[in-house]
Amino acid sequence: MQISSNVLDLPSFNFYKMKVFTTRKEVFTFINSSKKSNKTIGYVPTMGALHNGHASLIEQSVTENSITIVSVFINPTQFDNSSDLDKYPRTLENDINLISNIDSSIVIFTPTAKELYQDNVASKKYFFDGLEHEMEGKHRAGHFDGVGTVLDLFFSLITPTNAYFGEKDFQQLQIVKKLVTKYNLGVNIIGCAIFREQSGLAMSSRNERLSTKARQEASFINKTLIEAKEQFYTKSAAKVEGWVIKEFEKNKYFNLEYVSIANIKTLKPVKRKSKNQQYRIFIAAFIDNIRLIDNIALN
Ligand code: AMP
């Protein structure tokens, strides 16, 4: 494995073929030589603790590009809560293993915050035409400024042809599309379907922190979304949201943070349904003090 790290104290791996870069300079040099041979670059940003949901994005990138780069970086500027940041799972060895099992030519970039941000680990301010004020934006102050800042840094270093994002974080996906068009970043953003556990629970790095009981109960979110979709054919958005709120009130394991039936372009709550518009239903809820999010398309 090609790994130059006096920056990170990484254990030694057997995956000798993998390129694991920790510095911007290594990435820059690698990208420059790849660009000379006209290779397309697929990029998958992650915060590690990789699971099959991440793997589906990485596999799609491998299929569609000559080179794939996966970043594993827990971005401090997108956390509004320092204990959430501290508790975020860190499983780099497993992550490298999972990636090497997909394709050993994938390049991994796992910088420290200081290496990526240099001396200024702080968010810039972004305007995403109001997308940033809905749902997650109301409950996680500064979150999307952190996401915009880190992706700006990664995109300008990696200069990907295509970048892959999960619909699991649908608001993030729409915001990244806005970032790229508004600031002319020249990256093709590709949205990928939500990968679920057999129970219907959307895969998430946070699921690892759930107790066995909570993990069983957590499929309730997806079940409720599916039932809400059925109701939305005949009922108003307000009625369906009201029903969801009541279902969560009856469930002793969960605390609902929000439910929103929203237009997929504006992410604004639906007032009156229109046949020409597309809608999704979004939920954020706590179980075992762990915050889970999910969403599905309604039409
Ligand atoms: P994260 O490591 O949680 O920041 O996620 C990295 C990328 O993987 C984001 O684009 C997520 O939307 C995507 N992702 C996470 N979980 C899933 C999932 N269950 N299905 C599809 N994509 C996912």
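Let me begin with the largest nonpolar core, which has 42 residues, and in which Ile-69, Phe-155 and Ile-189 have the most contacts. By such a core I mean a set of buried Ala, Val, Leu, Ile, Met, Phe, Trp, Tyr and Cys residues joined through side-chain atoms within 4.5 Å, where buried stands for under 20% relative accessible area with a 1.4 Å probe, protein chains only. Helix α7, residues 143-158, gives the most to this core, with 8 residues; helices here are DSSP runs (H or I) of at least four residues, and strands (E) of at least two, numbered from the N terminus.

Please keep in mind that this is a predicted model, in which local features need pLDDT of at least 70 and side-chain atom pairs count only at pLDDT 80 or more, while totals for chains, interfaces and linings use all residues. Residues are numbered from 1 along each chain as its sequence is written, and side-chain values use heavy atoms, with hydrogens and water left out.

As for confidence, pLDDT being the predictor's score for each residue from 0 to 100, the chain averages 94, and 95% of the residues score at least 70. Strand β1, residues 2-3, has the lowest mean among the elements, at 48, whereas strand β6, residues 162-166, has the highest, at 99.

A polar side-chain atom of Asp-169 lies 2.6 Å from a ligand oxygen atom, and a polar backbone atom of Met-203 is 2.9 Å from a ligand nitrogen atom.

Conventions: Buried means under 20% relative accessible area, exposed over 50%, partly exposed in between (1.4 Å probe, protein chains only). A polar contact is a pair of N or O atoms within 3.5 Å; within protein, one must be able to donate a hydrogen and the other to accept it, and residues adjacent in sequence count only if both atoms are side-chain atoms.
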